[in-house]
Amino acid sequence: MVEVSWTEQAIDDIDNIAKFIAKDSAKFARIQARRFFEVTLKLEKYPLAGKIVPEIGNKNIREIILGNYRIVYKIVSVKNIDIISIHHSSRLLNKAILKK
């Protein structure tokens, strides 16, 4: 199995998304935050489950789509994946974040 790690940037992204949603509903903010973690569990068994991020074109930088959000991750090795960023699909992807 692959170990999935969350970068500080990705955790901050979830926190910011939850704060924004919580302005309307604290309940749905918690649900959305939990969904980000749940959907990435499949990466432990299926690290190639996501598609290659088109803006980057690197087979090791992939994304899982969850509603309006892109969960961007990097395959670091055959045993490690880093979740890099959670990004709303209507916004431009900051490529600098992906190169860290």
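This is a predicted model: local features need pLDDT of at least 70, side-chain atom pairs count only at pLDDT 80 or more; totals for chains, interfaces and linings use all residues.
A pocket here is an open set of points on a 1 Å grid over the protein atoms alone, where a 1.4 Å probe fits, with protein on both sides within 12 Å along at least five of seven lines; lining residues have an atom within 4 Å of a point. Local features need pLDDT of at least 70 and side-chain atom pairs pLDDT 80 or more, while totals for chains, interfaces and linings use all residues. Residues are numbered from 1 along each chain, and side-chain values use heavy atoms, without hydrogens and water.

- Helix H1 (8-22) and strand E5 (80-88) are the elements giving two or more residues to the lining of the largest pocket.
- H1 supplies five residues, the largest share of this lining.
- The space in the largest pocket is about 340 Å³.

**Helix packing**
- H1 packs with helix H2 (residues 26-39) at an angle of about 155°, and their axes are 7 Å apart.
- H1 is therefore roughly antiparallel to H2 (the term applies to angles over 145 degrees).
- From H1, Ile11, Ile14, Ile17, Ala18, Ile21 and Ala22 meet Ala26, Phe28, Ala29, Gln32, Ala33, Phe36 and Phe37 of H2, where contact means heavy atoms within 4.5 Å.

Definitions and conventions:
Grid points are joined across faces, edges and corners, and a volume is the space filled by probe spheres set on the points. Helices (H or I, at least four residues) and strands (E, at least two) are DSSP runs, numbered from the N terminus. Axes are lines fitted to C-alpha atoms, for helices over the stretch in contact, and angles run from 0 to 180 degrees between N-to-C directions. Angles under 35 degrees count as roughly parallel, over 145 as roughly antiparallel, 65 to 115 as roughly perpendicular and the rest as oblique.
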